[in-house]
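Hi,

Here is the structure I promised to send you. Have a look at it first, and then read my notes below.

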Amino acid sequence: MSGKKGGKKPDPFSKNPALKEFVRRVAGNHGLLILSKLWGRQLTDEELAKLTRLRVNLVRKILYDLYESRVVNYHRFRNEDNGWYIYRWYVEAEGALENLQSIQRELLRKLEERLEYERGHMFFACKNNCPRMTFEEASEREFKCPHCGEELKFVDNKEVIASLEAQIEQLKRQWGEGLQANS
Ligand SMILES: [Zn+2]
């Protein structure tokens, strides 16, 4: 699909699926469409609307979302005829990648924290799916569920731990290159 349009810079998404996923999360498939048209050029919102056949209001909203995530930026010019400002947008891949990597690092950090917490505690719960609690909390309540009054029993969290370990492992493998570049 990509790389067939002569003269343009190569599609960055082909080399960086994580960036693609990030843009999709921030701005959906329309965001990906806009970015693919904008890559390597500077365009106004109206030019982008024509190229993508999206409504200009939607293009503006998506540009703004992408701007907030540092994926795109703009240059502002004054129109000499009427004094209005013209915004020409461009892709700022460096910012996008940095932002992406800091989000990835943050998510990994949270998962690792959660894993530590799971490894470091025993959990208790009733049979009614009320929120589980730690041993300390359960013993304070004399092993009676504060929500329904049922008896609190030990809950094995081996599976939670295994699933967290697998998630962390997978993300590290998937993101490894990007994360190491900056840490
Ligand atoms: Zn309960």
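**What I found**

Starting at the N terminus, the elements of the protein follow the order α-α-α-α-β-β-α-β-β-α-β-α. That comes to 7 helices and 5 strands, where helices (H or I, at least four residues) and strands (E, at least two) are DSSP runs numbered from the N terminus. Please keep in mind that this is a predicted model: local features need pLDDT of at least 70, side-chain atom pairs count only at pLDDT 80 or more, and totals for chains, interfaces and linings use all residues. Residues are numbered from 1 along each chain as its sequence is written.

Let's begin with helix H2, residues 17-38. A straight helix of its 22 residues would span 32 Å at 1.5 Å a residue, yet H2 spans only 18 Å between its end C-alpha atoms. (The expected span is 1.5 Å times one less than the number of residues.) Where does H2 bend? The bend is at Ala27 and is about 120°, taken as the angle between axes fitted to the seven residues ending there and the seven starting there.

Ala27 is also one of the buried residues of H2, which include Phe22, Val23 and Leu38. Buried means that 20 or more other C-beta atoms lie within 10 Å of the residue's own; exposed means 12 or fewer, and partly exposed is in between, with C-beta atoms placed from the backbone. Among the elements that cover the buried residues of H2 are helix H3 (45-52), helix H4 (56-68) and strand E1 (72-78). Just after H2, Gly40 has a positive phi of about 80°.

Next, the sheet. It is open, with 3 strands in the order E4-E3-E5 and antiparallel pairing. The edge strands, each pairing on one side only, are E4 (133-134) and E5 (153-155). Two strands pair if DSSP finds at least two bridges between them, and 2 bridges join E3 (residues 123-125) to E4. Phe123 stands opposite Thr134 in E4.

Now find Leu107, in helix H5. Is Leu107 buried or partly exposed? Leu107 counts as partly exposed because it has 14 C-beta neighbours inside 10 Å. Leu107 and Leu171 are 64 residues apart in sequence, and their C-alpha atoms are 9.5 Å apart in space.

Finally, the whole protein: of its 183 residues, 15% count as buried.

Happy exploring!

Notes. The expected span of a helix is 1.5 Å times one less than its number of residues. Two residues are in contact if their C-beta atoms, placed from the backbone, lie within 7 Å.
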